[in-house]
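Work through each task with the sequence and the model at hand before reading its solution.

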Amino acid sequence: MTDEDFLRRAIALSAEAAATPGCEPFGAVVVRDGVIVGEGFNRSRAKADPTSHGETEAMRDACARLGTLELAGCTVFTSCEPCALCVAAMQITGIGRVVYAAALADSARVLAAVPADRRRKGDVAALRREAGLPIGQGRIPARQALVAEAVTVLEGWAKAPG
């Protein structure tokens, strides 16, 4: 199969999502060695889960099927350019490559016509700019406290066998 074949499957999943109540039109597949190992589409509203994007759902499916948190050597094919949350998840899992259809500018243009009650708040471009900043330097105020207590838990876990 070609990149376009896998991308067409991601777009088909986005169409399925568009026809499914509580879902939004974003779909993705994870491919390893020419085989789809994970599929998903945006179920944020249906699950009341703001992280349930097409890409994260496809990565969850791939991790579950493969029995690992490591997706090195895999490619994500997605109907729309991934947001910062999805890119971060891809980096955490070791995804090696992304192929996408619609750009963020395309989705922003089209979705701007959707009534406010049907779309989520947020500026994806701003999220991208702020995602790499230390907490507290973006739009979300932050305060650090109880460092020693939290570090004690971390140290205990790090020292524990397996």
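**Exercise 1. Residues with positive phi**

At 57% relative accessibility, L146 counts as exposed. The model is a predicted one.

Solution: 

Task: Carry out the analysis for D33: in which loop is D33 found, and is D33 buried or exposed?

Solution: 
1. D33 is found in the loop that runs between β1 (27-32) and β2 (35-41).
2. The phi of D33 is positive, about 50°, and D33 is not a glycine.
3. The relative accessibility of D33 is 73%, so D33 counts as exposed.

**Exercise 2. Cysteines**

Task: State how many disulfides the structure holds, and examine C74 and C80.

Solution: 
1. A disulfide requires two cysteine sulfur atoms within 2.5 Å. The number of disulfides in the structure is zero.
2. For C74, the nearest cysteine sulfur belongs to C63 and is 8.3 Å away; C74 is in no disulfide.
3. For C80, the nearest cysteine sulfur is that of C83, 9.2 Å away, and C80 is likewise in no disulfide.
4. Buried means under 20% relative accessible area. C74, at 1% relative accessibility, therefore counts as buried.
5. C80 has 4% relative accessibility and so counts as buried.

Definitions and conventions
Residues numbered from 1 in each chain as written. Predicted model: local features only at pLDDT ≥ 70, side-chain atom pairs only at ≥ 80, totals over all residues. Heavy atoms only, no water. Buried < 20%, exposed > 50% of the residue type's maximum accessible area, 1.4 Å probe, protein only. Helix = DSSP H or I, 4+ residues; strand = E, 2+ residues; numbered from the N terminus.
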